[in-house]
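Student: I am new to this structure. Please show it to me, and then let us talk it through.

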Amino acid sequence: MKPRRSNLSVPGHIKKMHGKANEGQADVIMLDLEDSVPIAEKIAARNQVIDSLLNLNWKEKTVTVRINSLDTPFAYRDLLEIVENAGHVVDAIVIPKVNYAADIFFADRMLNGIEMNNNISRMIGIEASIETAAGLMRAAEIVEASNRVKSLVFGIADYSASIGARLVSISGHGEKEEELYPGHRWHFALSRMVMNAKAHGSLAIDAPYGNFKDIDGLRRSAVMACALGCDGKWAIHPSQIDIINEVFTPSPQDIALAAKVIEANALAKADGKGAIAVEGRMVDQATVRLATQLWDQAKYLHLIN
(Lines give C-alpha, C1' and ligand atoms only; values in the text may rest on other atoms or scores of the structure.)
Protein backbone atom coordinates (compact mmCIF):
# COMPACT_ATOMS: atom_id res chain seq x y z
CA MET A 1 0.00 0.00 0.00
CA LYS A 2 1.29 3.46 -0.86
CA PRO A 3 2.22 5.68 2.10
CA ARG A 4 -0.62 7.90 3.29
CA ARG A 5 1.35 10.35 5.40
CA SER A 6 -0.56 13.47 4.43
CA ASN A 7 -4.23 13.34 3.44
CA LEU A 8 -5.40 16.70 2.06
CA SER A 9 -9.13 17.39 2.21
CA VAL A 10 -10.32 19.48 -0.75
CA PRO A 11 -13.88 20.90 -1.09
CA GLY A 12 -15.63 19.07 -3.89
CA HIS A 13 -17.42 22.11 -5.30
CA ILE A 14 -14.35 24.34 -5.77
CA LYS A 15 -12.79 23.33 -9.08
CA LYS A 16 -9.62 25.45 -8.89
CA MET A 17 -8.56 23.74 -5.67
CA HIS A 18 -8.55 20.30 -7.29
CA GLY A 19 -5.79 21.05 -9.78
CA LYS A 20 -3.69 22.87 -7.19
CA ALA A 21 -4.01 19.97 -4.77
CA ASN A 22 -3.02 17.49 -7.45
CA GLU A 23 0.16 19.48 -8.11
CA GLY A 24 1.10 19.61 -4.41
CA GLN A 25 3.03 17.26 -2.16
CA ALA A 26 0.19 15.50 -0.33
CA ASP A 27 0.25 11.70 -0.59
CA VAL A 28 -3.54 11.52 -0.69
CA ILE A 29 -6.03 13.96 -2.21
CA MET A 30 -9.48 13.55 -0.70
CA LEU A 31 -12.18 15.23 -2.77
CA ASP A 32 -14.83 16.05 -0.21
CA LEU A 33 -18.60 15.96 -0.66
CA GLU A 34 -19.43 16.16 3.04
CA ASP A 35 -18.62 18.82 5.65
CA SER A 36 -16.89 21.34 3.39
CA VAL A 37 -19.80 21.50 0.92
CA PRO A 38 -22.95 23.57 1.66
CA ILE A 39 -26.27 21.75 1.34
CA ALA A 40 -27.24 23.81 -1.70
CA GLU A 41 -24.01 22.77 -3.48
CA LYS A 42 -24.16 19.01 -2.86
CA ILE A 43 -25.27 17.93 -6.34
CA ALA A 44 -23.02 20.44 -8.09
CA ALA A 45 -20.09 19.26 -5.98
CA ARG A 46 -20.73 15.65 -6.95
CA ASN A 47 -20.73 16.57 -10.63
CA GLN A 48 -17.59 18.65 -10.24
CA VAL A 49 -15.75 15.82 -8.48
CA ILE A 50 -16.64 13.45 -11.32
CA ASP A 51 -15.37 15.99 -13.84
CA SER A 52 -12.10 16.47 -11.96
CA LEU A 53 -11.57 12.74 -11.55
CA LEU A 54 -11.98 12.20 -15.27
CA ASN A 55 -10.03 15.21 -16.55
CA LEU A 56 -7.04 15.56 -14.21
CA ASN A 57 -4.07 13.21 -14.17
CA TRP A 58 -4.08 11.47 -10.78
CA LYS A 59 -1.45 8.81 -11.51
CA GLU A 60 1.06 10.23 -9.03
CA LYS A 61 -1.52 10.48 -6.24
CA THR A 62 -3.73 8.31 -4.14
CA VAL A 63 -7.16 9.83 -4.73
CA THR A 64 -10.17 9.29 -2.49
CA VAL A 65 -13.68 10.72 -2.32
CA ARG A 66 -15.51 11.38 0.93
CA ILE A 67 -19.21 10.84 0.39
CA ASN A 68 -21.92 12.21 2.66
CA SER A 69 -22.84 10.14 5.70
CA LEU A 70 -25.18 7.23 5.11
CA ASP A 71 -28.00 8.80 7.13
CA THR A 72 -28.42 11.58 4.54
CA PRO A 73 -30.33 11.63 1.24
CA PHE A 74 -27.06 12.29 -0.63
CA ALA A 75 -24.87 9.32 0.27
CA TYR A 76 -26.28 6.57 -1.93
CA ARG A 77 -26.27 8.86 -4.97
CA ASP A 78 -22.70 9.95 -4.15
CA LEU A 79 -21.53 6.35 -4.05
CA LEU A 80 -23.46 5.28 -7.13
CA GLU A 81 -22.61 8.21 -9.41
CA ILE A 82 -18.96 8.65 -8.38
CA VAL A 83 -18.10 4.99 -8.86
CA GLU A 84 -20.22 4.43 -11.97
CA ASN A 85 -18.63 7.39 -13.72
CA ALA A 86 -15.09 7.47 -12.33
CA GLY A 87 -14.57 4.32 -10.27
CA HIS A 88 -11.55 3.34 -12.35
CA VAL A 89 -9.76 6.44 -11.02
CA VAL A 90 -10.75 6.29 -7.33
CA ASP A 91 -8.52 4.45 -4.87
CA ALA A 92 -10.98 4.53 -1.98
CA ILE A 93 -14.33 5.84 -0.83
CA VAL A 94 -14.24 7.62 2.53
CA ILE A 95 -17.37 6.97 4.59
CA PRO A 96 -17.93 9.48 7.40
CA LYS A 97 -19.50 8.79 10.79
CA VAL A 98 -19.37 5.00 10.59
CA ASN A 99 -21.18 3.60 13.62
CA TYR A 100 -21.98 0.04 12.56
CA ALA A 101 -20.41 -2.79 10.60
CA ALA A 102 -23.62 -2.70 8.54
CA ASP A 103 -22.56 0.68 7.14
CA ILE A 104 -19.46 -0.93 5.66
CA PHE A 105 -21.36 -4.01 4.53
CA PHE A 106 -23.85 -1.80 2.66
CA ALA A 107 -21.08 0.11 0.87
CA ASP A 108 -19.23 -3.12 0.09
CA ARG A 109 -22.30 -4.67 -1.56
CA MET A 110 -22.98 -1.51 -3.54
CA LEU A 111 -19.38 -1.38 -4.73
CA ASN A 112 -19.46 -5.06 -5.73
CA GLY A 113 -22.44 -4.48 -8.00
CA ILE A 114 -21.13 -1.26 -9.53
CA GLU A 115 -17.70 -2.78 -10.19
CA MET A 116 -19.25 -5.81 -11.91
CA ASN A 117 -21.62 -3.71 -13.98
CA ASN A 118 -18.86 -1.33 -15.12
CA ASN A 119 -16.07 -3.92 -15.52
CA ILE A 120 -13.89 -2.22 -12.91
CA SER A 121 -11.18 -4.79 -12.27
CA ARG A 122 -9.36 -2.94 -9.47
CA MET A 123 -11.02 -3.25 -6.06
CA ILE A 124 -11.99 0.15 -4.66
CA GLY A 125 -11.05 0.53 -1.02
CA ILE A 126 -13.03 1.93 1.88
CA GLU A 127 -11.79 4.35 4.53
CA ALA A 128 -14.02 4.34 7.60
CA SER A 129 -14.19 7.46 9.77
CA ILE A 130 -14.53 6.72 13.47
CA GLU A 131 -16.26 9.84 14.76
CA THR A 132 -18.50 8.76 17.63
CA ALA A 133 -18.40 6.74 20.83
CA ALA A 134 -20.57 4.13 19.12
CA GLY A 135 -18.16 3.90 16.19
CA LEU A 136 -15.13 3.53 18.43
CA MET A 137 -16.86 0.87 20.52
CA ARG A 138 -17.52 -1.15 17.33
CA ALA A 139 -14.21 -0.39 15.58
CA ALA A 140 -13.21 -4.07 15.47
CA GLU A 141 -16.52 -5.06 13.84
CA ILE A 142 -16.25 -2.16 11.40
CA VAL A 143 -12.76 -3.00 10.17
CA GLU A 144 -13.69 -6.71 9.91
CA ALA A 145 -16.83 -6.03 7.85
CA SER A 146 -15.03 -6.00 4.48
CA ASN A 147 -11.59 -6.62 3.05
CA ARG A 148 -12.05 -3.28 1.29
CA VAL A 149 -11.38 -1.40 4.55
CA LYS A 150 -7.91 0.07 4.05
CA SER A 151 -7.86 2.50 6.95
CA LEU A 152 -9.66 3.84 9.99
CA VAL A 153 -9.68 7.62 10.40
CA PHE A 154 -10.15 9.46 13.69
CA GLY A 155 -12.76 12.25 13.59
CA ILE A 156 -11.86 14.31 16.63
CA ALA A 157 -14.53 17.04 16.47
CA ASP A 158 -17.55 14.76 16.10
CA TYR A 159 -16.08 12.29 18.60
CA SER A 160 -15.70 15.12 21.12
CA ALA A 161 -19.36 16.05 20.60
CA SER A 162 -20.50 12.44 20.90
CA ILE A 163 -19.01 12.07 24.38
CA GLY A 164 -19.86 15.59 25.54
CA ALA A 165 -16.24 16.70 25.89
CA ARG A 166 -15.49 20.32 26.62
CA LEU A 167 -14.91 22.57 23.61
CA VAL A 168 -11.57 24.38 24.01
CA SER A 169 -11.00 25.79 20.52
CA ILE A 170 -12.98 27.35 17.71
CA SER A 171 -12.49 24.48 15.28
CA GLY A 172 -12.65 21.64 17.79
CA HIS A 173 -9.76 19.99 15.96
CA GLY A 174 -7.00 19.50 18.47
CA GLU A 175 -5.72 22.97 19.38
CA LYS A 176 -5.15 24.22 22.96
CA GLU A 177 -5.65 20.73 24.41
CA GLU A 178 -2.68 21.14 26.78
CA GLU A 179 -4.44 24.03 28.52
CA LEU A 180 -7.27 21.75 29.62
CA TYR A 181 -5.80 18.30 30.17
CA PRO A 182 -2.34 17.28 31.47
CA GLY A 183 -1.36 14.93 28.69
CA HIS A 184 -2.88 13.69 25.44
CA ARG A 185 -6.65 14.04 25.93
CA TRP A 186 -7.44 11.64 23.07
CA HIS A 187 -4.76 9.05 23.87
CA PHE A 188 -7.21 6.26 24.69
CA ALA A 189 -9.58 6.86 21.78
CA LEU A 190 -6.81 7.17 19.20
CA SER A 191 -4.88 4.20 20.61
CA ARG A 192 -7.98 2.02 20.54
CA MET A 193 -8.66 2.96 16.92
CA VAL A 194 -5.03 2.28 16.00
CA MET A 195 -5.10 -1.10 17.77
CA ASN A 196 -8.19 -2.24 15.87
CA ALA A 197 -6.87 -1.01 12.53
CA LYS A 198 -3.47 -2.67 12.91
CA ALA A 199 -4.92 -5.93 14.27
CA HIS A 200 -6.68 -6.32 10.91
CA GLY A 201 -3.90 -5.10 8.63
CA SER A 202 -5.37 -1.64 8.01
CA LEU A 203 -3.82 1.80 8.32
CA ALA A 204 -4.69 4.34 11.01
CA ILE A 205 -5.01 8.02 10.09
CA ASP A 206 -5.18 10.86 12.61
CA ALA A 207 -7.66 13.75 12.56
CA PRO A 208 -6.75 17.14 11.10
CA TYR A 209 -5.32 19.94 13.22
CA GLY A 210 -7.73 22.84 12.97
CA ASN A 211 -5.50 25.93 13.29
CA PHE A 212 -3.51 25.79 10.06
CA LYS A 213 -1.51 28.86 11.10
CA ASP A 214 -0.17 27.11 14.24
CA ILE A 215 2.75 25.14 12.81
CA ASP A 216 4.21 24.24 16.22
CA GLY A 217 0.87 22.90 17.40
CA LEU A 218 0.50 20.88 14.20
CA ARG A 219 3.95 19.36 14.67
CA ARG A 220 3.20 18.37 18.28
CA SER A 221 -0.11 16.80 17.22
CA ALA A 222 1.52 14.88 14.36
CA VAL A 223 4.42 13.65 16.50
CA MET A 224 2.02 12.30 19.14
CA ALA A 225 -0.11 10.57 16.50
CA CYS A 226 2.98 9.02 14.92
CA ALA A 227 4.18 7.83 18.34
CA LEU A 228 0.82 6.14 18.93
CA GLY A 229 1.11 4.19 15.67
CA CYS A 230 -0.77 6.33 13.17
CA ASP A 231 0.41 6.10 9.58
CA GLY A 232 -0.58 9.63 8.60
CA LYS A 233 -2.76 12.62 9.33
CA TRP A 234 -5.45 14.59 7.55
CA ALA A 235 -4.66 18.12 6.45
CA ILE A 236 -7.17 20.91 5.88
CA HIS A 237 -4.72 23.38 4.29
CA PRO A 238 -1.79 22.92 1.87
CA SER A 239 0.51 24.73 4.33
CA GLN A 240 0.23 21.74 6.69
CA ILE A 241 1.49 19.14 4.22
CA ASP A 242 5.25 19.63 4.55
CA ILE A 243 5.18 19.30 8.34
CA ILE A 244 2.99 16.19 8.24
CA ASN A 245 5.14 14.56 5.57
CA GLU A 246 8.28 15.34 7.56
CA VAL A 247 6.94 13.82 10.78
CA PHE A 248 5.67 10.64 9.13
CA THR A 249 8.75 10.13 6.93
CA PRO A 250 11.51 7.83 8.27
CA SER A 251 14.54 9.86 9.32
CA PRO A 252 18.10 8.88 8.26
CA GLN A 253 18.66 7.70 11.84
CA ASP A 254 15.51 5.57 11.72
CA ILE A 255 16.57 4.04 8.41
CA ALA A 256 20.10 3.30 9.66
CA LEU A 257 18.74 1.56 12.78
CA ALA A 258 16.25 -0.45 10.71
CA ALA A 259 19.10 -1.58 8.45
CA LYS A 260 21.08 -2.81 11.47
CA VAL A 261 18.09 -4.76 12.79
CA ILE A 262 17.33 -6.35 9.41
CA GLU A 263 20.98 -7.27 8.82
CA ALA A 264 21.36 -8.75 12.32
CA ASN A 265 18.19 -10.79 11.80
CA ALA A 266 19.46 -12.13 8.47
CA LEU A 267 22.82 -13.10 10.01
CA ALA A 268 21.12 -14.80 12.96
CA LYS A 269 18.93 -16.85 10.63
CA ALA A 270 21.93 -17.81 8.50
CA ASP A 271 23.78 -19.01 11.60
CA GLY A 272 20.76 -20.85 12.93
CA LYS A 273 20.47 -18.57 15.96
CA GLY A 274 17.18 -17.59 17.55
CA ALA A 275 18.43 -14.58 19.49
CA ILE A 276 19.32 -11.30 17.79
CA ALA A 277 21.57 -8.63 19.30
CA VAL A 278 21.93 -5.07 17.98
CA GLU A 279 24.29 -2.62 19.71
CA GLY A 280 24.37 -4.79 22.80
CA ARG A 281 20.59 -5.08 23.07
CA MET A 282 18.41 -8.10 22.48
CA VAL A 283 15.91 -7.68 19.63
CA ASP A 284 12.74 -9.71 19.13
CA GLN A 285 10.76 -10.45 15.97
CA ALA A 286 8.27 -7.67 16.65
CA THR A 287 11.12 -5.18 16.31
CA VAL A 288 12.23 -6.92 13.12
CA ARG A 289 8.73 -6.43 11.68
CA LEU A 290 8.77 -2.75 12.63
CA ALA A 291 12.18 -2.33 11.03
CA THR A 292 11.03 -4.08 7.86
CA GLN A 293 7.90 -1.91 7.59
CA LEU A 294 9.99 1.24 7.99
CA TRP A 295 12.54 0.00 5.42
CA ASP A 296 9.78 -0.74 2.89
CA GLN A 297 8.30 2.74 3.33
CA ALA A 298 11.73 4.33 2.91
CA LYS A 299 12.25 2.39 -0.33
CA TYR A 300 8.88 3.48 -1.70
CA LEU A 301 9.73 7.11 -0.91
CA HIS A 302 13.09 6.69 -2.68
CA LEU A 303 15.02 7.47 0.50
CA ILE A 304 17.17 4.38 -0.14
CA ASN A 305 18.13 2.47 -3.26
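**Questions on the structure**

Tutor: Setting aside residues up to four places away in sequence, Ser146 touches Ile104 and Asp108; contact here means heavy atoms within 4.5 Å. This is a predicted model: local features need pLDDT of at least 70, side-chain atom pairs count only at pLDDT 80 or more, and totals for chains, interfaces and linings use all residues. Residues are numbered from 1 along each chain as its sequence is written, and side-chain values use heavy atoms, with hydrogens and water left out.

Student: With which side chain does the side chain of Ser146 make a polar contact?

Tutor: A polar contact is a pair of N or O atoms within 3.5 Å; within protein, one must be able to donate a hydrogen and the other to accept it, and residues adjacent in sequence count only if both atoms are side-chain atoms. For Ser146 the distance is 2.8 Å. The partner is the side chain of Asp108.

Student: Is Ser146 buried or exposed?

Tutor: Buried means under 20% relative accessible area, exposed over 50%, and partly exposed in between (1.4 Å probe, protein chains only). Ser146 has 8% relative accessibility, so it counts as buried.

Student: What radius of gyration does the protein chain have?

Tutor: This radius is taken over C-alpha atoms, and the globule rule is 2.2 Å times the number of residues to the power 0.38. For 305 residues, a compact globule would come near 19 Å. The protein chain agrees with that, at 20 Å.

Student: What share of the contacts with a separation of 6 or more joins residues 24 or more positions apart?

Tutor: Some context on the chain comes first. Of its 305 residues, 50% count as buried. Its C-alpha atoms fill a box of roughly 65 × 50 × 35 Å along the principal axes. The share of those contacts is 71%.

Student: How many disulfides does the structure hold?

Tutor: A disulfide is a pair of cysteine sulfur atoms within 2.5 Å. The structure's count is zero.

Student: How far is the sulfur of Cys226 from the nearest cysteine sulfur?

Tutor: Cys226 is in no disulfide, and its nearest cysteine sulfur belongs to Cys230. Cys226 is partly exposed at 32% relative accessibility, while Cys230 is buried at 5%. The sulfur distance is 8.3 Å.

Student: How many aromatic pairs are there?

Tutor: Rings of Phe, Tyr and Trp (its six-membered ring) pair if their centres lie within 6.5 Å; planes under 30 degrees apart count as stacked, over 60 as edge-to-face and the rest as tilted. The rings of Phe154 and Tyr159 have centres 5.6 Å apart and planes at 55°, so that pair is tilted. Tyr159 and Trp186 pair edge-to-face, at 5.9 Å centre to centre and 85° between the planes. The number of aromatic pairs is two.

Student: How many residues apart in sequence are the parts that Tyr159 and Trp186 tie together?

Tutor: Tyr159 lies in helix H7 (residues 156-163). Trp186 sits in the loop between H7 and helix H8 (187-199). Both Tyr159 and Trp186 are buried. The parts they tie together are 27 residues apart.

Student: Which residues form one aromatic cluster?

Tutor: Phe154 and Tyr159 are both buried. The cluster is made of Phe154, Tyr159 and Trp186.

Student: What is phi of Asn119 near?

Tutor: Asn119 lies in the loop between helix H4 (101-117) and strand S5 (125-130). Asn119 is exposed, at 71% relative accessibility. Its phi is positive, though the residue is other than glycine, and is near 55°.

Student: Which residues is Phe212 in contact with, beyond four places in sequence?

Tutor: Phe212 is found in the loop between strand S7 (203-206) and helix H9 (215-227). At 33% relative accessibility, Phe212 is partly exposed. Phe212 and Ser239 lie 27 residues apart in sequence but 7.1 Å apart C-alpha to C-alpha. The contacts of Phe212 are His237, Ser239 and Gln240.

Methods. Helix = DSSP H or I, 4+ residues; strand = E, 2+ residues; numbered from the N terminus.
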